[in-house]
Amino acid sequence: MNDLDPLSPNSADSQRRLLVALALAMVLTYAFTTFFAPKPPEAGAADAGTQVAEVSDGGTPAVTPPAPGTPPSPGSTLEGTGAVAETPAPPVRALDLRRTETHYTFSTEGAGLTAAVLQGAKMREQQHLGVTEGYKLLFGGEVPPPPQMNLAQPVPAQPLPLAVSIDGPTPLPANARYAVDESVAAERGATFTARQGPWEVVKSVQWPQPGFEILYTVQVKNTSAQPLTGEFKVHYGRAIDPANEHAPSFFGGMGNLSHASCHVGEEKHKLAAEDKQPDPETLRGPVHYFGIDQQYFLSALYPLEGALQGRCELVATAQARSVVAAFPLTAAPGQTVTFRFGGYLGPKDPDLLAVVPGPELRTAASLPASAYAPPLGETIDYGIWAVIAKLLVSIMKFFHNLTGNWGVAIILLTVLVKTLLLPLTHRSMVSMEAMKKLQPRVEELRKKYADDRERQNMEMMKLYQEAKVNPLGGCLPMLIQMPVWIALFTALRNSYDIYQEPFFGPVWRDLTYKDPTYLLPIALGVSMIITQKLQPQMGDPAQARLMTWFLPIIFTATLFNYPAGLALYIFTNNLLSIAQQYGLRKWLERGQAATAPAGGKSK
């Protein structure tokens, strides 16, 4: 072939046809890409549902993931390579769930609580009132009520309460984004789902009954083709305002500390900011419950099927308390591991804590009537005074049921204790009156044996024995009352029954809080001085002045910051003592007049 042959590829016609064909191809390509080709996603469109393929497992290229919500099927390319299917993180949103007892707010970031605000008049923070506010209330003024109790105040930069995480070779962060199952009725609870890495986590929170209990279920599924192990963690933290928290002290008041708490094995652990961190080994074993233990309120979770082998981490700073319960996790490919917890977020009412889990929760969780009951009642900690404190609370409950007022119940408790101790106090007062008559002879012995203290004491004891009186008998009633006072103080510090309960009037609105007007402690001090004045004065004048003035002043100063209920008890007890002392004196005087010789004068 030569260049003159029109069919030759080297001919001029062939060259022109080639150029025309190339030009047409370029035009068609340009038209297709301009008018018919799919448009690229706009910026931000990936968050609205576009799936993202990632590189996982040491650099294995990711494959196209399945549709959202569809876990990889067995035998699929995804499972075979162990690659991770990721759906785009759902946007962060808040979910408000309002119940009669509590208003809950969840965040889809971690599917944890951002608020659990208790409702009701008693479900409030304890109000701190100064003297000015106290007298303002006394004269008809108004003071804003304290805020409602919030049992789930998140700690900044920390996992939310009820958030879960997985530690191990394939971790799951506590702030994973969850999608909300909109098909679940809000009045029954909420269900959240997250898929990240090889894990698919479904969290369900249910309220099977009116009250403060929750049913918390977490299903963890291994969507990879490899067996996975790790440590499953449940977080519960609570932010603390140091300005509103103080430790109990002798002159500083009763305190209102919150503790990070966990019952592991046979021991309950509590940690506040100033406490020593417990040995980590003591926090390892069967976990019965864990949570935040506040003075009158509790937020706690417990394994539904009984104590679960694991460990706890307690953290307490001035601004936060937090507890992490960790449990071993092993999941075969495609296996779903379920953790079920019961929860209680409410007041430390002994009647409510005693029946946890309640019958409705047991029904919802398909638990038998003999299901495991966590020892939540022990969070009402009366310490070594538990026996007396519980007895006092039971008696006050009885009187409260009769009168409907806890202040009146405390007064009736005082009358009851005083009546029970009447034989003892009567003998003590009679002994003190007899001691008073011996005082002139005692003074003679002091002067006679001023240089021989041993002989002086011997002669004085002989004198007491002959008169059949006990020089320490006057202190016995007070010594017996001391355990009652301490136990009552302990009961007021821990009993939710009396918390936020008023006596009367606009001031004494909370018998577990100090009297902001200080009227009750001052009245107590005055009544104590009168009591001392009525009693026969023993010892030297300096000692008598000490007992008459110094002791009441110390008591009054101490009671300034103690619960008004305790001041009410001691004040009532003093009034009864004054009446008893006055009546005894009159009775003795009549007895002396009756036995005095005719025409004589009783002294």
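These legends accompany several close-up views of one predicted model. Residues are numbered from 1 along each chain as its sequence is written, and side-chain values use heavy atoms, with hydrogens and water left out. Because the model is predicted, local features need pLDDT of at least 70 and side-chain atom pairs count only at pLDDT 80 or more, while totals for chains, interfaces and linings use all residues.

**View 1. Helix α8 bends at L438.** Helix α8 covers residues 422–448, 27 residues in all; helices (H or I, at least four residues) and strands (E, at least two) are DSSP runs, numbered from the N terminus. From first C-alpha to last, α8 reaches 38 Å, close to the 39 Å expected at 1.5 Å a residue, where the expected span is 1.5 Å times one less than the number of residues. The bend at L438 is about 45°, and the proline P440 follows within four residues; a bend is the angle between axes fitted to the seven residues ending at a residue and the seven starting there. Buried residues of α8 include T425, S428, M432, L438 and L445. Here, buried means under 20% relative accessible area, exposed over 50%, and partly exposed in between (1.4 Å probe, protein chains only).

View 2. In the model, residues 406–425 are 95% helix and 0% strand, with end C-alpha atoms 26 Å apart. Residues 546–571 are 85% helix and 0% strand, and their end C-alpha atoms are 20 Å apart.

**View 3. E182 and R93 meet in a salt bridge.** The N to O distance is 2.6 Å; a salt bridge is a side-chain nitrogen of Lys or Arg within 4 Å of a carboxyl oxygen of Asp or Glu. This pair links distant parts of the chain, 89 residues apart: E182 sits in the loop between β5 (179–180) and β6 (189–196), and R93 in the loop between α2 (77–81) and β1 (94–98). E182 counts as exposed at 55% relative accessibility, and R93 is partly exposed at 33%. The structure holds 19 salt bridges.

**View 4. The loop between α10 (476–494) and α11 (519–534) holds D510.** D510 is buried yet has no salt bridge, and K122, the nearest side chain of opposite charge, is 8.2 Å away. For charge, Lys and Arg count as positive and Asp and Glu as negative; His and the chain ends are not counted. The D510 side chain does make a polar contact of 2.6 Å with the side chain of T512. A polar contact is a pair of N or O atoms within 3.5 Å; within protein, one must be able to donate a hydrogen and the other to accept it, and residues adjacent in sequence count only if both atoms are side-chain atoms.

**View 5. L162 and Q500 have positive phi values.** Most residues other than glycine have a negative phi, and most peptide bonds are trans. L162 has phi near 80° and lies in the loop between α3 (131–138) and β4 (164–167), buried at 0% relative accessibility. Q500 has phi of about 65°, and its relative accessible area of 18% makes Q500 buried.
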